[in-house]
Every structure is written in C-alpha cells, then in structure tokens.
Amino acid sequence: MEVKCNQSTVVEKKKWSIEKFLAEFDLSEKDGNLNYANFHSICVTLFYPNEIKQDEWRIREIFCSFDLNKDGILQQQEWKTFCDWLRVILEPVDALLIVDIQNDFIDGSLALRTCEAKQDGIDVVEPINYLLKNGLFDKIIYSLDWHPENHISFYENLHLRELHPDSKVTKDNAKLFDTVVFADPYLEQILWPKHCVMNTWGSQLHKDLLITPNSVQVRKGQNSDMDAYSVFYNNNYKKTMELQKILNELGVTRIFVCGLAYDVCVKFTCLDGLQLGHAVAVIDDCCRGVSVPNIEKTKKLIHENGGLITNSHDVLEMINEGKRSLIMSHQIAKTMICCHAANCMN
C-alpha cells in the first residue's frame with residue numbers, strides 16, 4: 001500500500017535573489033564590467049570550499065565561456081549571460097527523481113540482494129523517505145519499470161524471438177544475465193528474469209516508500225520489443241519518455257537522482273540527463289546496485305560527464321539552505337552557452 005505524507009516540516013526554502021546577491025558586491029544587474037578576479041571572488045562565496053579546492057579549473061572555464069571576445073572582461077551581452085547564469089543558480093527549480101523502488105527489485109524476481117554486490121534495495125527506502133519528509137523539492141518524480149508479459153528483456157521469453165547470427169550466445173546455451181543479439185529488432189539485450197510486469201505486485205512501488213502529494217509517476221519499458229533503462233529514453237534512443245516534457249514545463253534547473261539499480265537504470269538516467277544538458281546529481285547513499293565494480297565505473301562516468309556525486313545530507317543543504325555546487329553550476333553554464341549559440345545560429 002502506498003503511504004501518503006505531508007511534504008517537509010521546513011517552513012521556508014532559502015533563496016537569494018540576484019539583486020540582493022549582487023548588492024553584496026556593490027554591483028547591479030545593469031553593471032557590466034567584471035574581470036576574472038572579481039568573478040572568482042563571487043564563486044568563492046557561491047560554492048562549497050571543497051569543490052573550489054578540487055575543481056578550481058571549472059571557475060576559469062565558466063568565465064572563459066562567458067568571455068566571448070576573450071578580453072578578460074564580462075560586459076554587455078557577456079554580462080547579461082553571467083546574470084542569467086547567476087539567477088538560475090541563485091533561484092533553482094529542483095526535482096527529486098526516484099528511480100524504480102519497486103517490489104521486484106527489493107523482494108521479488110530481480111531482488112538486488114541476490115545479485116553480485118549483495119546490496120539490499122530496501123536500504124534506500126529510509127534515506128529517500130528522509131529526503132521526502134525534509135527536503136523542499138519543487139517536484140517529486142517516481143519512475144517505474146512497466147513491462148508487458150512478452151517483453152524482450154525476459155529470459156522466459158527467449159523462445160518468442162529469433163536471434164541474429166551475430167549473437168555469440170545461442171538459444172540452446174543462453175543463461176540468465178547473458179547478452180544476446182536479437183534479429184528483429186536487431187539489438188543487444190541482457191536476459192533478465194521476468195520482472196515488473198505491469199499491474200502486478202512486482203511492478204508496484206514498495207509499500208514503505210512515501211508517496212508525496214502532487215508527485216508524478218513515469219512508466220518506462222512498455223514497448224515489448226525495446227528495453228528502457230533510462231527514464232529519459234528507450235534503449236535505442238528513438239523514443240523520448242515523458243520525463244523531459246515534465247522537466248521542461250516546470251523549468252527544472254537541477255535534478256537529484258536516486259534509486260535502483262545504481263549501475264543500470266540510475267546510471268543511464270544520469271548520463272542521458274547530462275547529455276540533454278541538465279544539471280544532474282546522483283545521491284550516493286540513496287542508491288544500491290548490481291555489481292560493485294560497475295557501481296564504481298558508474299560514478300566515474302557520471303563525474304566525467306559533468307555530474308555531481310553527492311549524499312543526502314548535502315542535498316538537503318542545497319535544497320533547503322541554498323548551498324550550491326560548482327559542478328552542477330558548471331553544467332548549467334555549459335548548457336546556457338550552447339543554447340545561446342544555437343539561438344544565434346537561428
């Protein structure tokens with residue numbers, strides 16, 4: 001049974017207005033003469049000290065991306081871009097994306113505790129519930145694997161489709177978790193045990209997971225001939241899920257991702273979100289995965305692609321206390337520059 005909760009006992013989400021922030025530096029939105037030293041001082045005020053120490057190069061890269069004529073000064077349109085960026089990071093719109101906290105991944109046919117890493121999916125429920133109770137997110141989004149009975153990913157359905165000659169694994173020797181190549185559609189597919197069949201107990205969100213008022217649920221993997229690890233796309237990247245539309249309509253500027261499994265659906269969701277230009281953070285203590293080596297590879301990939309690896313404590317500081325991440329703000333700057341360049345070309 002899904003439990004309803006009243007979101008957050010925190011009274012007010014702390015935000016700076018850009019006007020108030022610039023006033024602290026004796027600037028206004030109409031000024032336009034900012035050199036790198038002053039920009040660096042602003043960033044030191046904005047971001048976590050440990051990020052400044054580890055990733056100071058990001059500050060220089062952000063400044064250089066704004067300084068289009070490379071004269072070392074942000075003015076006119078460059079200054080406006082800086083102010084647009086500053087407004088986004090001072091007045092964020094935050095979404096918590098909770099990936100696949102479903103019965104089959106906790107107690108059912110694909111329970112994580114039976115996988116290589118022996119991690120237990122139930123362990124993420126308590127820290128996620130803590131975020132739901134205490135975090136002033138602007139939107140809560142739950143994703144669900146939602147497969148038809150004849151789904152291509154099920155080992156039990158291998159007999160329903162022909163394999164391509166490229167497949168090194170044949171029907172005769174195929175085992176659970178092997179990778180095969182199907183003929184039609186032509187694709188590589190891991191053979192999972194039957195899981196999260198739509199409208200079954202296994203597909204339901206776990207009974208102990210809090211479901212907040214005004215949250216939304218996004219279902220993925222409904223195409224019988226195509227898997228969908230990411231909440232953004234089918235695995236062939238030809239069909240976008242409804243998540244992108246939800247985020248765009250809300251004007252979401254930061255996405256915090258958690259759930260199951262870390263090295264599968266969480267991984268591909270984060271990487272796709274970053275590729276689409278979103279500022280993405282994965283909440284490490286609110287995820288569990290299949291394989292420890294693959295979890296570590298996942299963290300490395302997310303970091304290398306511009307994502308933040310964080311924890312629930314720091315997330316609450318960012319959401320409720322107005323703390324900001326240099327890594328996420330760097331991603332916001334890169335996306336903003338790309339959008340401006342695209343608009344100029346049009």
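1. Basis of the values. Because the model is predicted, local features need pLDDT of at least 70 and side-chain atom pairs count only at pLDDT 80 or more, whereas totals for chains, interfaces and linings use all residues. Residues are numbered from 1 along each chain as its sequence is written, and side-chain values use heavy atoms, with hydrogens and water left out.

2. The sheet. Six strands form an open, parallel sheet in the order S9-S5-S4-S10-S11-S12, where strands (E, at least two residues) and helices (H or I, at least four) are DSSP runs numbered from the N terminus, and two strands pair if DSSP finds at least two bridges between them. Strand S9 (216-220) and strand S12 (308-310) are the edge strands, each pairing on one side only, and the twist from one strand to the next averages 25°. Within this sheet, strand S10 (residues 254-260) and strand S11 (residues 279-288) are joined in the parallel sense by six bridges, and Phe256 has Ala281 in S11 as its bridge partner.

3. Helix H9 on the sheet and beside H10. H9 lies across strand S4 (94-99), S9, S10, S11 and S12, and runs at about 170° to S11; axes here are lines fitted to C-alpha atoms, for helices over the stretch in contact, and angles run from 0 to 180 degrees between N-to-C directions. The axes of H9 and H10 come within 10 Å and cross at roughly 10°, so the two helices are roughly parallel to each other (angles under 35 degrees count as roughly parallel, over 145 as roughly antiparallel, 65 to 115 as roughly perpendicular and the rest as oblique). In contact terms (heavy atoms within 4.5 Å), Tyr262, Asp263, Lys267, Cys270, Leu271 and Leu274 of H9 meet Asn294, Ile295, Thr298, Lys299, Leu301 and Ile302 of H10. By class, this contact has seven nonpolar, two polar and three charged residues, where Ala, Val, Leu, Ile, Met, Phe, Trp, Tyr, Cys and Pro count as nonpolar, Asp, Glu, Lys and Arg as charged, and the others, Gly among them, as polar.

4. Helices H2 and H5. The axes of helix H2 (residues 36-46) and H5 come within 13 Å and cross at roughly 10°, and H2 and H5 are therefore roughly parallel to each other. Phe39, Ile42, Cys43 and Leu46 of H2 make the contact with Phe82, Trp85, Leu86, Ile89 and Leu90 of H5, and by class these are nine nonpolar residues, with no polar and no charged.

5. The pockets. On a 1 Å grid over the protein atoms alone, a pocket is an open set of points with protein on both sides within 12 Å along at least five of seven lines, a cavity is a set where a 1.4 Å probe fits but cannot get out, and lining residues have an atom within 4 Å of a point; a volume is the space filled by probe spheres set on the points, which are joined across faces, edges and corners. The largest pocket holds about 340 Å³ of space, and of its 17 lining residues Trp192, Asp263, Val264, Val290 and Asn294 lie nearest its centre. Helix H9 (262-275) and helix H10 (292-304) each supply at least two residues of that lining. The second largest pocket holds about 230 Å³, and helix H12 (residues 326-345) gives the largest share of its lining, four residues; the lining has seven nonpolar, four polar and no charged residues.

6. The cavities. Three cavities of 30 Å³ or more are present, and the largest cavity holds about 150 Å³ of space. Of the 16 residues that line the largest cavity, Phe105, Leu110, Trp192, Val264 and Cys265 are the closest to its centre. The second largest cavity has a volume of about 50 Å³; helix H5 (77-90) and H12 each supply at least two residues of its lining.

7. Most residues other than glycine have a negative phi, and most peptide bonds are trans. Asp184 and Pro185 are joined by a cis peptide bond with omega of about 0°, and Pro185 lies in the loop between strand S6 (179-183) and strand S7 (186-190). Another cis peptide bond joins Leu260 and Ala261, with omega of about -15°, and Ala261 is in the loop between S10 and H9. Asp26, although not a glycine, has a positive phi of about 55°, and is found in the loop between helix H1 (18-23) and strand S2 (34-35).
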